[in-house]
Amino acid sequence: SPRMVGSLLESIGSHLNPLHLIHRIPLGMPIPNLRDRLTKIITDSRTQASLIQGCNDILKADRVMLLERLHNDAKRAVPSHQLKFVQGGAAAAHHHQGKK
């Protein structure tokens with residue numbers, strides 16, 4: 001019925017593709033407030049697309065920031081007193097303990 005189709009158009013939101021419902025409406029069926037309902041669907045769709053784009057932009061910026069942080073942490077120099085210990089392995093550890 002036209003009222004049911006109108007109600008569906010009003011409540012379809014982003015749960016389903018509104019074009020699927022619109023294509024199923026028989027030609028010539030009068031739908032109350034069709035223009036207003038279609039305008040709302042288009043506006044909601046644009047808002048959703050804008051929100052998705054904004055979220056993607058934030059995710060990209062966060063990814064770059066975290067990658068830069070990881071890079072900076074990875075290139076940080078190792079202090080020279082630890083460098084000898086790391087390079088010498090177990091022998092250096094044993095020698096270091098013997099000096100105490």
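This dialogue walks through how to read a predicted model of one protein chain.

Q: What should I know about the model and its numbering?
A: The model is predicted: local features need pLDDT of at least 70, side-chain atom pairs count only at pLDDT 80 or more, and totals for chains, interfaces and linings use all residues. Residues are numbered from 1 along each chain as its sequence is written, and side-chain values use heavy atoms, with hydrogens and water left out.

Q: How many helices and strands does the protein chain have?
A: Helices are DSSP runs of H or I with at least four residues; strands are runs of E with at least two; both are numbered from the N terminus. Here there are four helices and zero strands. The order from the N terminus is α-α-α-α.

Q: What share of the residues is buried?
A: Buried means under 20% relative accessible area (1.4 Å probe, protein chains only). In this chain of 100 residues, 11% are buried.

Q: How do α1 and α3 cross?
A: Axes are lines fitted to C-alpha atoms over the stretch in contact, and angles run from 0 to 180 degrees between N-to-C directions. The axes of α1 (residues 2-11) and α3 (residues 34-75) come within 9 Å and cross at roughly 25°. That makes α1 roughly parallel to α3, a label for angles under 35 degrees.

Q: Which residues meet between α1 and α3?
A: Contact means heavy atoms within 4.5 Å. From α1, Gly6, Ser7, Leu9 and Glu10 meet Leu34, Arg37 and Ile41 in α3.

Q: Where is asparagine 33?
A: Asparagine 33 sits in the loop between α2 (18-24) and α3. What to look for there is the backbone angle phi. Asparagine 33 is not a glycine, yet has a positive phi of about 55°.

Methods
Buried means under 20% relative accessible area, exposed over 50%, partly exposed in between (1.4 Å probe, protein chains only). Angles under 35 degrees count as roughly parallel, over 145 as roughly antiparallel, 65 to 115 as roughly perpendicular and the rest as oblique.
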